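Work through the exercises below with the structure in view. Each task is followed by a solution in steps.

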Amino acid sequence: MSATSALPIAAIVYNPEIDVDALMAEAARQLSARGVRIGGVVQHEVPGLPGDPCGMALEDLESGERFALSQELGSGSEACRLDTAALAQAGAVLRGAMERGVDLLIVNKFGGQEVFGAGLRAEIGLAASNGVPLLTAVGERFLDDWRAFTGNAGQLLPAKLEAVLAWWAGLPPRG
């Protein structure tokens with residue numbers, strides 16, 4: 001399932017049955033415990049109203065701060081309500097982590113916003129152009145878009161913690 005290149009980028013490929021957010025948070029925790037300086041954001045579901053699939057928050061992996069990724073649109077709204085200001089905050093978190101020279105940048109996912117040129121796409125591109133090791137997740141439905149964005153570079157990983165840890169261990173030392 002992997003394409004290899006000199007770019008130190010990996011994308012965990014997942015489907016809706018996989019809790020990729022928990023996988024990425026656990027990978028960050030385990031790598032950090034091994035001394036890897038981690039920066040970036042992981043996503044968490046926020047318990048909300050029954051039947052509300054859209055309550056989301058991002059966690060800054062350096063500070064532990066969480067901020068809402070979804071905004072309240074009022075009762076009766078059935079749309080997911082992505083807060084673009086939160087995406088801008090996430091972008092600042094990612095840029096700051098790169099400026100501080102983290103060993104690994106984690107971006108919660110390459111999804112619909114990134115497919116359409118928004119979201120955290122610019123920060124993912126900046127990491128790639130600067131050779132910053134990057135881990136993200138991409139849903140199966142966006143896999144062709146990810147390949148087009150990366151030029152089919154980097155690695156595609158199965159949604160397994162062992163695969164993420166092995167990818168990291170196999171990267172050449174930075175220096």
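**Exercise 1.** In this predicted model, find which residues of helix α4 are buried and where they lie around the axis.

*Solution.* Start with the helix itself: α4 covers residues 121–129, and its buried residues are Glu123, Ile124, Ala127 and Ala128. Next, take their directions around the axis: they cover an arc of only 140°, so they sit on the same side of α4.

**Exercise 2.** Determine which elements the buried residues of α4 pack against, and what phi the glycine after α4 has.

*Solution.* First list the strands: the buried residues of α4 pack against β1 (9–14), β5 (104–106) and β6 (134–139). Then list the helices: the packing partners also include α2 (84–99), α3 (112–115) and α5. Finally, look past the end of the helix: Gly131 follows α4, and its phi is positive, near 70°.

**Exercise 3.** Classify the ring pair of Trp146 and Phe149, and decide for each residue whether it is buried or partly exposed.

*Solution.* Begin with the total: the count comes to 4 aromatic pairs. One of them joins Trp146 and Phe149, with 6.1 Å centre to centre and 45° between the planes, and is tilted. Now place the two residues: both lie in helix α5 (residues 143–150), 3 residues apart, about one turn of the helix. In an α-helix there are 3.6 residues a turn, so residues three or four places apart point the same way. For accessibility, the cut-off for buried is under 20%. Trp146 has 1% relative accessibility and therefore counts as buried. Phe149 has 24% and therefore counts as partly exposed.

Methods. Residues are numbered from 1 along each chain as its sequence is written. This is a predicted model: local features need pLDDT of at least 70, side-chain atom pairs count only at pLDDT 80 or more; totals for chains, interfaces and linings use all residues. Side-chain values use heavy atoms; hydrogens and water are left out. Rings of Phe, Tyr and Trp (its six-membered ring) pair if their centres lie within 6.5 Å; planes under 30 degrees apart count as stacked, over 60 as edge-to-face and the rest as tilted. Helices (H or I, at least four residues) and strands (E, at least two) are DSSP runs, numbered from the N terminus. Buried means under 20% relative accessible area, exposed over 50%, partly exposed in between (1.4 Å probe, protein chains only). The arc is that of the directions from the helix axis to the C-beta atoms. Contact means heavy atoms within 4.5 Å.
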